[in-house]
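Subject: Structure for you to look over

Dear colleague,

I am handing over the structure below, and I would be glad if you would read my notes with it open beside you.

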Amino acid sequence: MHWPPLDPTELSTWRVYFGMPLVVTDACVLHTFDYLDSSRIIRLATRDLGIVSVVARGARRPRSKFGSAVDLFAQGVAHVQVKAARDLQTLVSFDLSSGRSRLSSDLDRFVAASAFVELALRTAHDESHHALFDVITTELDCIANAAGGLAPVAGLAACWRLIGELGFSPALDHCCVCHSKLAPDEQLPFSCQGGGVACTRCGSSLTASRLLPAGARAAIRGWLAPGSSGTGSTSDGLRLSTPELRAHQRLLREFLVFHVGDDRELRAFLSWERGAMGGS
Ligand SMILES: [Zn+2]
């Protein structure tokens, strides 16, 4: 049997723990639910393993070694015992670096972060783990740090940034059918099936398209730009009225439903959207 040559950069990451590889990696808690009497099953975004499900044994006991380290949205260094061909791995320990309590203490931030994380869990499969991990954690920080009233905008930006990282950004500057260049100040038809905006001539042949105002197109372009954060330089101080927010959420949801391509409801996204409908 020939072992692949060892990558020296991985030496600090992979160790052997009771005969099974122990992976020490940056990680962020995306989902958590109770398991048996005292344990938790956690979905982690990790830098080195991608999205992984782990069991934290005894995490719900009063004096658990995990404490509050594995609460939703927490980030730190996970020690994961990995068994090949298993869907559920074992979380040995978790060194907390950020609890992101600002996400749990504010409803606007919480529902936006939940919708974003649901999207990450639904779409992230085999992409570069490093880049994806950075997008997830950076955008969660942006939502957590959003100024009053800007959490929904940060949430929209986070979702579009993730879409950009996953490589299915919509066409915004060229017609998605004939590829002709489009003027930035035009209101144009947007088609999820077509993959973006279309010129008015092509738009008439696209089914289920809706009109996208020039300002909304500019906002999405800004959110997709690498390095942008929802409330950062490219869309500085962008505030949306409730109808504008609802229109953005609806367009994003329709785009996601088409591109995510499974029949499961985007539950967290829908409750985020319904919250906005309630005029929060
Ligand atoms: Zn066209």
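In this predicted model, helices H2 and H4 are roughly parallel to each other, because their axes cross at roughly 10°, and an angle under 35 degrees counts as roughly parallel. The axes of H2 and H4, the latter covering residues 151-166, come within 8 Å. On the H2 side the contact is made by Asp108, Arg109, Ala112, Ala115, Phe116, Leu119, Ala120 and Thr123, and on the H4 side by Ala151, Pro152, Ala154, Gly155, Ala158, Cys159, Leu162 and Leu166. Sorted by class, this contact of H2 with H4 has 12 nonpolar, two polar and two charged residues.

The axes of H2, which covers residues 107-123, and H3, which covers residues 129-145, come within 9 Å and cross at roughly 165°. That angle is over 145 degrees, so H2 is roughly antiparallel to H3. The crossing in which H2 passes H3 is right-handed. Where the two helices meet, H2 contributes Arg109, Ala112, Ala113, Phe116 and Ala120, while H3 contributes Ile136, Glu139, Leu140, Ile143 and Ala144. By class, the contact of H2 with H3 has eight nonpolar residues, no polar ones and two charged ones.

H3 can also be looked at by itself. Its 17 residues, at 1.5 Å a residue, should span 24 Å, and this agrees with its end C-alpha atoms, which are 24 Å apart. The buried residues in H3 are Leu132, Phe133, Val135, Ile136, Glu139, Leu140, Cys142, Ile143 and Ala144.

For H4, the same kind of length check can be made: at 1.5 Å a residue its 16 residues should span 22 Å, and its end C-alpha atoms are 22 Å apart, which agrees. H4 is mostly covered, in that 14 of its 16 residues are buried. After H4 comes Gly167, whose phi is positive, near 90°.

H4 also packs with helix H6, residues 214-224, and here the axes come within 8 Å and cross at roughly 65°. In this pair H4 passes H6 in a right-handed crossing. The residues that make the contact are Leu156, Ala157, Trp160, Arg161 and Gly164 of H4, and Ile220, Trp223 and Leu224 of H6. They divide by class into six nonpolar, one polar and one charged.

Next, some single residues. Once its neighbours within four places in sequence are left aside, Val111 is in contact with Ser271, Trp272 and Gly275. Val111 and Pro152 are 41 residues apart in sequence, and their C-alpha atoms are 8.7 Å apart in space.

Leu36 has a phi near 50°, and its place is in the loop between E2 and E3. With 11 other C-beta atoms within 10 Å, Leu36 is exposed, because 12 or fewer count as exposed. Ala85 is not a glycine either, yet it has a positive phi of about 65°; its place is in the loop between strand E5 (75-81) and strand E6 (88-98). Ala85 is likewise exposed, with 4 other C-beta atoms within 10 Å.

Lastly, the protein as a whole. Its secondary structure comes to eight helices and nine strands. Of the 280 residues in the protein, 37% are buried. Among the contacts between residues at least 6 apart in sequence, 57% join residues that are at least 24 apart.

With best wishes

Terms used: Residues are numbered from 1 along each chain as its sequence is written. This is a predicted model: local features need pLDDT of at least 70, side-chain atom pairs count only at pLDDT 80 or more; totals for chains, interfaces and linings use all residues. Axes are lines fitted to C-alpha atoms, for helices over the stretch in contact, and angles run from 0 to 180 degrees between N-to-C directions. Helices (H or I, at least four residues) and strands (E, at least two) are DSSP runs, numbered from the N terminus. Angles under 35 degrees count as roughly parallel, over 145 as roughly antiparallel, 65 to 115 as roughly perpendicular and the rest as oblique. A crossing is left-handed if the near helix is turned anticlockwise from the far one by less than a right angle, and right-handed if clockwise. Two residues are in contact if their C-beta atoms, placed from the backbone, lie within 7 Å. Ala, Val, Leu, Ile, Met, Phe, Trp, Tyr, Cys and Pro count as nonpolar, Asp, Glu, Lys and Arg as charged, and the others, Gly among them, as polar. The expected span of a helix is 1.5 Å times one less than its number of residues. A residue is buried if 20 or more other C-beta atoms lie within 10 Å of its own, exposed if 12 or fewer, and partly exposed in between; C-beta atoms are placed from the backbone.
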